[in-house]
Amino acid sequence: MEQVSEKQVAVMHYVLSGDDGTVIESTRGQGPVAVLVGAGQLVPGLDRALVGRSVGERFEVEVPPADGYGERKSAGPHAVPRKEFARDARLSEGMPLRLRGGDGEPTIVWITKVQGSQVWIDLDHPLAGKTLRFDVEIVSVRPATPEELAHGHVHGPEGHGH
Ligand code: ZN
């Protein structure tokens with residue numbers, strides 16, 4: 001039975017649920033996704049859990065925040081007036097946004113809510129501080145091409161492209 005190892009391309013289905021069982025993301029009903037294992041394409045806890053699994057295997061992984069999107073670093077979302085953003089900026093819920101901090105360094109913030117003239121932004125990823133539950137099924141596995149290894153992601157119709 002073929003097994004998943006690092007630097008291979010694994011094609012898989014997954015259902016990601018939160019602590020309370022709410023489904024956050026799912027590939028069911030769409031195509032499975034292809035990932036380069038051990039390349040940081042997935043949260044570390046899931047990336048590691050794939051290694052050694054067999055094609056056709058279905059399993060569950062519980063990933064604590066430290067192996068997921070990290071612990072929360074900020075107190076929570078805060079409101080910023082809409083007029084602080086460029087007039088043509090596309091601002092929608094769940095969207096990451098690149099801003100320049102006070103020191104001129106770019107930082108990523110996440111939009112949690114757009115309400116009237118206020119935009120709520122959060123310095124943490126929406127899934128930071130959360131325990132994640134993945135229900136995974138390994139569909140197939142294949143060697144990565146040298147180009148895929150160099151780029152750190154999957155090419156071709158099964159990948160997300162560039
Ligand atoms: Zn590439």
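Two strands count as paired when DSSP finds at least two bridges between them. With that in hand, here are some close-ups of a predicted model.

**View 1. The whole chain, before zooming in.** The protein chain folds into two helices and nine strands. Read from the N terminus, its elements go β-β-β-α-β-β-β-β-β-β-α. The C-alpha trace spans about 55 × 35 × 30 Å along its principal axes. Of the 162 residues in the chain, 38% are buried. Take the contacts between residues at least 6 apart in sequence: 61% of them link residues at least 24 apart.

**View 2. β1 alongside β3.** These two strands pair in the antiparallel sense, with four bridges between them.

View 3. Val-11 sits in strand β1. Is this residue buried or exposed? Its relative accessible area is 9%, and the cut-off for buried is under 20%, so Val-11 counts as buried. Setting aside neighbours within four places in sequence, Val-11 has contacts with Pro-32, Val-33 and Ala-34, with the run Glu-137, Ile-138, Val-139 and Ser-140, and with Glu-158. For a sense of scale, the C-alpha atom of Val-11 is 20 Å from that of Val-63, which comes 52 residues away along the chain.

**View 4. The largest pocket.** This pocket has a volume of about 300 Å³. Its lining is made up of 13 residues, and those closest to the centre are Tyr-14, Glu-25, Gln-41, Leu-42 and Tyr-69. Strands β1 (8–17) and β3 (33–36) each put at least two residues into the lining. Which element gives the largest share? That would be β3, with three residues. Sorted by class, the lining holds 10 nonpolar residues, two polar ones and one charged one.

View 5. Look for Glu-60, whose bridge partner in β9 is Asp-135.

**View 6. The four-stranded open sheet.** Its strands line up in the order β5-β8-β7-β6, with antiparallel pairing. β5 (78–81) and β6 (96–100) are the edge strands; each has a single partner, so one side of each lacks a neighbour in the sheet. On average, and ignoring direction, neighbouring strands here are turned by 50° against each other.

**View 7. From β6 into β7.** Five bridges hold β6 against strand β7 (residues 106–115), and the pairing is antiparallel. Leu-99 is found opposite Thr-107 in β7. Where is Glu-105? Glu-105 is in the loop between β6 and β7. Apart from residues up to four places away in sequence, Glu-105 touches Leu-99 and Arg-100. The C-alpha atoms of Glu-105 and Gln-115 are 27 Å apart, with the two residues 10 apart along the chain.

Technical notes: Residues numbered from 1 in each chain as written. Predicted model: local features only at pLDDT ≥ 70, side-chain atom pairs only at ≥ 80, totals over all residues. Heavy atoms only, no water. 1 Å grid on protein atoms, 1.4 Å probe; cavity = no way out; pocket = protein on both sides within 12 Å on 5 of 7 lines; lining within 4 Å. Points joined across faces, edges and corners; volume = space filled by probe spheres on them. Nonpolar A, V, L, I, M, F, W, Y, C, P; charged D, E, K, R; others polar. Axes fitted to C-alpha atoms, helices over the stretch in contact; angles between N-to-C directions. Buried < 20%, exposed > 50% of the residue type's maximum accessible area, 1.4 Å probe, protein only. Contact = heavy atoms within 4.5 Å.
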